[in-house]
Structure formats: structure tokens, C-alpha cells
Amino acid sequence: MSARAGGQPPVVVAADAQSPASATAGRSWRERLRPYARNGGLALTLAIVLGVVGFFRPQYLSRDNLIVVALQVSFVGMAAIGTAYLIISGSIDLSIGSLFALVGVSSAMLARSLHPAAAMALGVALGGAVGWINGALAWRIKLSPLIITLASMSIIRGVVLLLTDGYAVRGVPREFAALGQARVCGVPSPVWMFLLLAAVAHVVLSRTTVGQHLLALGGNQAACEAVGIRVRRLRWGAFTANGLVVGVAGVLAASRFGSANPSFGTGMELDVITAVILGGVAFTGGEGNIPGVVLAVTLLGIINSGIVALGIDADYAEVVKGAALLGAVSLDQFSHEARDRFRTMLAIRERG
Amino acid sequence: MSMPAPQPLVRCLAISKYFGGVKALDGVTLELYAGEVVALVGDNGAGKSTLVRILAGFYHPDQGELWFGQQRVDALSPRQARALGVETVHQHLLLCDNLGAAANVVLGQEPTVHRLGPLKFLDHRRGREEAARRLAEVGASISDLATPIRQLSGGQRQAIAIARALAASPRLVMFDEPTAALGSRQTEATLRLIRRVAERGVAALLISHNLDDVFAVADRIVALRHGRPVFNELAGNALRETVVAAMTGLLTERTVP
């Protein structure tokens with residue numbers, strides 16, 4: 001890398017002296033592929049795990065079973081997309097598991113007296129409203145959103161238990177269950193919704209100014225403020241969008257199961273954070289992509305169900321998931337260090 | 001283009017600013033012209049940063065008038081200030097280390113192709129071209145515009161920050177202690193850049209502690225002391241000793257203008 005900017009007085013260059021093409025010419029194919037290499041590793045791991053489970057239990061790879069696995073993955077997956085956005089932009093929401101339950105039981109309760117569509121819409125709106133409140137608190141109270149949403153996680157779970165007296169909400173009309181149990185091309189609707197949300201989230205993150213500014217915000221909030229990006233709106237919007245997505249997941253879960261249990265979503269926030277970090281999102285913000293998160297959440301779902309299918313004690317799944325996370329983040333760090341060493345070596349060679 | 005316009009781009013008239021009981025600025029009058037480099041000097045706490053933050057819209061003056069051309073704007077928001085063409089190159093540069101050089105240069109002004117509701121779709125190619133052109137203008141050579149910039153040198157980062165400020169087609173660029181963290185060669189390069197920014201017909205305001213820098217690049221020197229303007233002369237007519245005396249309080253009797 002030339003050090004002209006620092007080394008010598010800059011030469012006055014006419015605006016067109018550097019052709020635009022040279023802006024891209026400097027990127028080697030290695031540099032261009034690097035962001036995808038990690039996802040390649042995840043996909044390969046996914047294939048190996050599927051292969052191993054399928055080798056010992058061929059019925060695991062049957063269409064019906066894979067659909068069940070996909071269904072399990074889809075609820076955590078939807079929540080993981082919202083959390084990915086939050087962590088990429090430098091915040092977090094720990095209350096998603098509680099909110100998932102709140103939306104589930106509320107929409108199920110409403111469905112007993114309202115039109116099913118209204119109950120669903122209100123459930124999603126409730127998710128958005130709670131996300132909006134979390135965003136307002138996180139913006140106004142100058143504390144880590146980790147602490148603020150830890151509080152709302154507890155409050156919301158308490159409200160859920162108060163609403164239900166701790167009992168599952170049953171007696172939900174059949175029409176309310178219709179959406180969650182519907183299948184399109186043999187695939188359950190929650191899976192479609194997960195894929196749809198993932199596709200939209202990917203396009204927004206990688207192709208729009210909103211996505212670019214979320215990444216920038218996770219990198220340096222002061223820089224975003226200095227260039228006039230509406231930081232508050234962006235942060236607040238990420239919390240609200242996350243609430244809406246959790247709302248959709250909660251409504252679909254209540255609809256799918258035809259009932260809602262107050263213990264819905266317990267510990268979901270930790271599963272979601274595991275998936276998001278395993279998927280390559282930097283916990284410090286500013287880095288991450290949606291395909292990686294989708295791969296990671298799928299991998300974790302297959303580990304969960306695959307271990308059961310193999311007849312291994314399900315508790316081992318927790319051990320394996322933890323080990324996978326630890327392994328992935330260690331690999332991230334080692335590869336960063338290796339890249340730095342490589343660059344240092346190149347620089348030394350270049351300058352003698 | 002480098003001829004000073006007859007009308008000042010920015011005019012501060014007897015601006016005062018209080019923080020609690022402390023008077024941070026006390027009747028500061030300052031005119032900034034296109035094509036001119038004005039150096040704002042003064043000790044710590046003299047009010048330099050307060051004035052910069054007022055011009056950038058982060059603080060509002062408690063007394064006095066602030067004019068942009070023919071427009072009086074006393075309560076300016078940071079967004080409005082930017083819309084009026086005020087850009088600041090901060091001491092800490094305020095770059096996103098996780099993004100590439102191109103993304104940093106066009107940050108907040110990314111070229112877009114079409115919009116869909118609140119979503120504006122990025123034109124990545126045009127963004128890269130635009131950034132490459134801006135970086136070439138400031139004489140920076142950065143081979144890979146997409147790699148996160150955390151690896152780059154202080155001089156390269158400085159060039160990115162200045163290229164970004166110029167990308168907004170500003171009328172006033174304020175340089176807040178731009179050379180504080182740079183070595184001597186990079187300092188020289190940065191000073192040339194400031195000169196070049198002014199030659200584009202932009203008003204440049206350099207905030208600095210370093211009188212070597214100030215005399216190397218400034219057309220006019222303004223010194224603040226305890227929030228009061230104590231010196232305002234063309235650099236050609238100013239003696240270093242006089243500036244130092246003004247900054248340190250030996251010249252307070254000669255309050256200007």
C-alpha cells in the first residue's frame with residue numbers, strides 16, 4: 001500500500017486523472033471473497049452435521065422430518081433476524097423471549113373474543129409497541145441497552161404470568177390456528193415467513209442506505225452524527241422493527257400450536273444471540289450479514305434435533321452448541337491475527 | 001475563484017455563549033470569506049471549540065447574531081448547518097473503522113438508484129467512483145477502497161476525512177486541530193490540503209495550537225482569550241510575538257475589532 005498521502009506532499013490531481021475503474025482494480029479476488037468464506041465454512045459444517053446424522057439415522061433426512069426441523073428453526077430464526085439488526089447497529093434487546101410469550105398469549109386471548117385477523121394484527125402491533133418503548137428507554141436512559149432490556153425482560157415475563165395466572169391459553173378458535181398451520185407447497189407458513197423476512201432483511205442490510213447506516217452506526221455513532229445521519233430514528237427504528245418481527249413470530253407460534261403457554265420463549269434470547277454471533281455478527285457491532293445468521297440458526301437447529309435423533313442425551317446439545325460458538329469465535333480471532341501477520345509480512349517485504 | 005468575495009460567507013456578530021455562570025464566548029465578531037484560510041488560535045478554554053460548535057449547529061449563541069450570506073440563523077441545528085454548507089474535519093476524524101474508505105467518504109450522502117418507501121437503494125458502483133474521485137482530489141492513494149480502514153495510516157485517514165468533507169460541496173470547512181496527531185511530513189501534506197480547499201472557493205477555518213501551522217497556511221489570524229477576540233490581523237501583517245502576546249493576555253487592551 002502506497003503511503004503517498006503521508007509520505008510526500010500530495011500531487012495536485014485533476015478530477016479525472018484517476019479513472020474510476022482503478023477504484024475496483026485494487027481489489028483482489030481474495031479480498032472480494034473473504035466476506036463469504038465464513039459463510040462457506042458454516043455451510044460446510046452444516047452439510048457435514050447433516051451427513052453424519054443422516055448416515056446413522058437415514059429417516060432424519062426424510063422430507064417430513066426436515067420440515068419439522070425447519071419449523072423449529074423458523075421461530076428462533078425470525079427473532080435472530082431482528083437481533084442481528086440490533087447487534088450490528090450496536091444495541092441489543094434481551095426481552096425478546098418474554099415479548100414472544102406476551103405476544104403469543106395476548107393474541108391467543110384476543111382471538112377468543114375478536115376476529116382472528118384482528119387478534120393477529122393486534123399481536124404484531126403489540127410487539128412493535130413494546131419494541132418502540134424499549135427503543136425509547138434505550139435512547140433516553142444513557143445506560144447499556146443490555147441493562148435496560150434485562151429489566152424489560154423481567155417486567156414483560158411478569159406481565160405474561162399475571163395475564164395468564166401461569167396457565168396456558170387454550171380454547172383458541174380454529175380460524176386463528178389456520179394461518180400458522182397452513183402449508184404452501186407442503187412447507188409450513190412460519191418457515192415461509194422466516195425465509196421472506198430473511199430475504200427482505202438481507203436486501204435492506206446490503207443494498208440500502210438504512211442498512212449501510214446501521215453498519216456505520218455500529219462502527220462509530222459519533223461519525224454518523226457528524227455526517228447528519230438521523231441516529232435516533234435509526235436506533236429507535238431498529239428496536240421497533242425487532243419488536244414487530246418478534247410479534248410476527250409470537251403470533252405465528254400461538255397460531256401454529258393453537259394455544260399459548262406463558263413459558264413460551266424462555267431462554268430464547270440466549271439461543272438467538274448464540275445464533276447471531278455464530279453467524280458472524282460482531283458483538284461490538286458494525287459487522288455481519290443475514291445469510292450467515294440464517295446458516296447459523298439452521299446449524300443450531302440441526303444440532304438440537306440431530307442429537308435427539310441419534311439417541312444421545314439431549315443435554316449434550318447444549319454442550320455442543322456452546323462448543324460450536326466458542327470454536328467459531330476463536331477461529332474468527334485466529335484468522336484476523338493471521339491476516340494481520342500476513343499484511344505485516346507483505347509490508348516488510350515491500351519496504352525491505 | 002480565489003479572490004475574496006465582497007460579501008462574507010459567514011458572519012458572527014457580537015456572539016456570546018454562557019455555560020451556567022461561565023461566559024465561554026464574549027462578544028465575538030468574525031467574518032469568513034470564500035477562498036480565505038482563517039486561523040483561530042487561543043489557549044485551552046479560550047472558546048475556540050465553542051465557536052466551532054456554534055457554527056456547526058451543536059450550540060446556539062445566547063447573544064449576538066449569526067449570518068450565513070443574507071440569511072440570519074441564530075438557532076441552527078447540526079443538520080441545518082450541514083445543509084447550509086458547513087463541514088467539520090474533527091481532530092478525532094470520526095471515521096467508521098469497520099467500513100471501507102469509499103463508504104466513509106460518501107457516508108450520509110451515498111449515491112442511490114431508486115427508492116421504495118423509506119428505503120433508498122445504494123448505487124455501490126457510483127459510490128466507489130465518487131469516493132475514488134474525491135480521494136484523488138485530495139491526493140490520497142488508497143489501493144483498496146472496500147477493506148475496513150482500521151489498518152490505514154494517520155495521513156490516509158486524514159485524507160479520507162477531508163475527502164468526505166469536500167464531498168458535501170461545502171461553503172465553510174472547519175479543521176479542528178487537524179495536525180495534532182500527525183508527524184511532520186503528514187502535517188505538511190495536511191496544510192497543503194487546507195490551502196487547496198480554500199482555493200476551491202471555500203471558506204476554511206483552521207483551529208490550532210500550533211503557530212508554525214498557522215503561519216504556514218493562514219491568510220488571517222484571529223486569537224481568542226477567555227472568550228474574547230483579542231487579535232484579528234492578516235497573517236502577512238502579524239508578528240508571531242504579537243499573536244503569542246494576544247493569546248497569553250499581554251495584549252488584552254487591544255481588543256478587536
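How does A:Phe257 count: buried, partly exposed or exposed? At 48% relative accessibility, A:Phe257 counts as partly exposed (buried is under 20% relative accessible area, exposed over 50%, partly exposed in between, with a 1.4 Å probe and protein chains only). This is a predicted model, in which local features need pLDDT of at least 70 and side-chain atom pairs count only at pLDDT 80 or more. Residues are numbered from 1 along each chain as its sequence is written, and side-chain values use heavy atoms.

**Aromatic pairs in chain A**
- Rings of Phe, Tyr and Trp (its six-membered ring) pair if their centres lie within 6.5 Å; planes under 30 degrees apart are stacked, over 60 edge-to-face, the rest tilted.
- The count is seven aromatic pairs over all chains.
- A:Phe75 and A:Phe257 have ring centres 6.1 Å apart and planes at 45 degrees, so the pair is tilted.
- A:Phe75 lies in helix α4 and A:Phe257 in helix α12, so the pair ties together parts 182 residues apart in sequence.
- A:Phe257 also pairs edge-to-face with A:Phe264, at 6.1 Å and 70 degrees.
- A:Phe75 is buried at 7%, and A:Phe264 is buried at 13%.
- A:Phe75, A:Phe100, A:Phe257 and A:Phe264 form one aromatic cluster.

**Charges over rings in chain B**
- The charged end of B:Arg11 sits over the ring of B:Trp67, 5.5 Å from its centre (NZ of Lys or CZ of Arg within 6 Å of the ring centre and within 35 degrees of the ring normal).
- B:Arg53 places its charged end over the ring of B:Phe58, 4.9 Å from the centre.

**Helix α5 of chain B**
- Of the 14 residues of α5(B), 13 are buried.
- B:Ser169 follows α5(B), with a positive phi near 50 degrees.

Definitions and conventions
Chains are lettered from A and ligands numbered from 1 in the order in which they are written. Helices (H or I, at least four residues) and strands (E, at least two) are DSSP runs, numbered from the N terminus.
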